[in-house]
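Please look through the structure shown below before reading on.

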Amino acid sequence: MSERRCPKCGAVYPETARFCPRDGNMLVAAQSKVPPPTPAAPSGGGATAVRTPPGPRRGPGFDRAATLSGQTLDARYQVTQKLGEGGMSYVYLAREVASGDEVAIKVLSPKLATDRSSVERLRREAGLAMRLDHANVCRILRLGESEDGLIYLVMPFLNGELLSDREVRGGPMALAQGIDLLRQVCAGLHHAHELQIVHRDLKPENIMLVREDGGGDRAVVMDFGLAKERRADPAIAKLTATGIILGTPEFMSPEQIRGRPLDGRSDIYALGIVAFEMFTGKLPFQGRNAQEMMIARLRDRPRQLRQLRPDLPANLEKALARALESSPDARYGTALEFADALTATHEGGLFSRIKEKLK
């Protein structure tokens with residue numbers, strides 16, 4: 001598992017941590033260990049099919065999903081390189097054999113792929129997410145299963161920068177840039193919510209910034225409808241109905257923490273936290289660990305935006321405060337309403353005008 005470190009004090013934490021409890025700084029990816037060299041593909045032309053991996057790689061605990069670079073997946077995709085990995089999946093850059101198009105492929109880890117309930121949830125939600133078709137949403141092109149049991153998702157390859165990386169590289173955002181990106185995320189959310197699809201794991205790591213020809217950034221929400229399932233540790237499990245966490249603790253809404261049914265307003269809450277972090281580099285609720293921050297969201301009010309950024313307008317602080325209301329009924333009813341409030345903080349826009357722009 002990869003690790004994250006504090007750029008100020010150098011302390012190292014698990015990859016799920018986002019902030020250093022010692023000094024509050026945002027964590028960055030720690031230098032990963034250099035993997036052993038990948039054995040060369042056998043001669044004779046063509047790539048090795050996934051379902052017949054080289055003999056020496058087999059063995060107890062062997063994870064084929066982690067070693068697909070240079071192979072052909074399901075006779076459809078030539079896998080080029082690994083882009084990243086987490087506890088639940090591996091992401092690869094690949095080229096579709098038939099079309100030559102570059103795609104990103106997320107391959108589920110064997111641990112998740114053998115959990116019947118997780119696979120069924122993935123099939124159901126991926127089927128819904130395939131209906132999404134919007135410039136600010138990353139589509140799912142295909143859900144597949146190879147003959148040897150690898151379960152994978154195919155998505156367009158987005159050549160851009162994660163919002164989380166932009167925050168680390170550039171620090172707190174200027175008002176105009178932040179509002180522009182947030183409005184785009186609202187547009188993608190609204191499209192999904194109209195189809196009754198809730199993201200449930202919105203965070204900076206799931207928002208890609210793609211550079212447009214005109215020089216601006218297009219915000220693209222990724223992993224729509226594919227909530228990550230993880231067993232909660234005993235302390236957090238006490239806060240949930242099932243002991244299962246669907247989402248990322250730092251960005252979960254109060255109703256999500258309590259294990260209650262979710263609608264689009266839960267995503268609006270998560271986007272409020274994302275927005276607060278974009279403008280300040282910090283989270284609106286404090287705690288020494290994920291458990292304490294979850295409890296704070298159930299009991300406390302969020303920090304005021306202008307305590308950390310007094311240069312920002314008061315109506316932006318008010319807009320984020322409403323998005324972060326504990327009760328869903330007190331938040332914005334739709335992502336378009338949130339977008340209108342954000343627009344008004346910078347342009348004084350009207351709801352009808354932004355509604356047309358975000359279609």
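Predicted model: local features only at pLDDT ≥ 70, side-chain atom pairs only at ≥ 80, totals over all residues.

Helices (H or I, at least four residues) and strands (E, at least two) are DSSP runs, numbered from the N terminus.

Residues are numbered from 1 along each chain as its sequence is written, and side-chain values use heavy atoms, with hydrogens and water left out.

The pLDDT, which is the predictor's confidence in each residue from 0 to 100, averages 80 over the protein chain, and 76% of the residues score at least 70. Over residues 32–61 the pLDDT is below 50, and this stretch has 30 contacts in the model beyond near neighbours in sequence, where contact means heavy atoms within 4.5 Å. Residues 348–354 also have a pLDDT below 50, with 14 contacts beyond near neighbours in sequence.

Helix α4 (residues 175–194) has 20 residues and reaches 28 Å from its first C-alpha to its last, close to the 28 Å expected at 1.5 Å a residue; the expected span is 1.5 Å times one less than the number of residues. Of the 20 residues of α4, 16 are buried, a word that means under 20% relative accessible area, with exposed being over 50% and partly exposed in between (1.4 Å probe, protein chains only). After α4 comes Q196, whose phi is positive, near 65 degrees.

The axes of α4 and helix α7 (residues 264–280) come within 11 Å and cross at roughly 165 degrees; axes are lines fitted to C-alpha atoms, for helices over the stretch in contact, and angles run from 0 to 180 degrees between N-to-C directions. That makes α4 roughly antiparallel to α7, since angles under 35 degrees count as roughly parallel, over 145 as roughly antiparallel, 65 to 115 as roughly perpendicular and the rest as oblique. Among the residues that make this contact are L175 and I179 of α4 and G264 and D267 of α7.

| Residue | Relative accessible area |
|---|---|
| T345 | 9% |
| P204 | 0% |

Finally, P204 and R166 are 38 residues apart in sequence and 9.1 Å apart in space, C-alpha to C-alpha.
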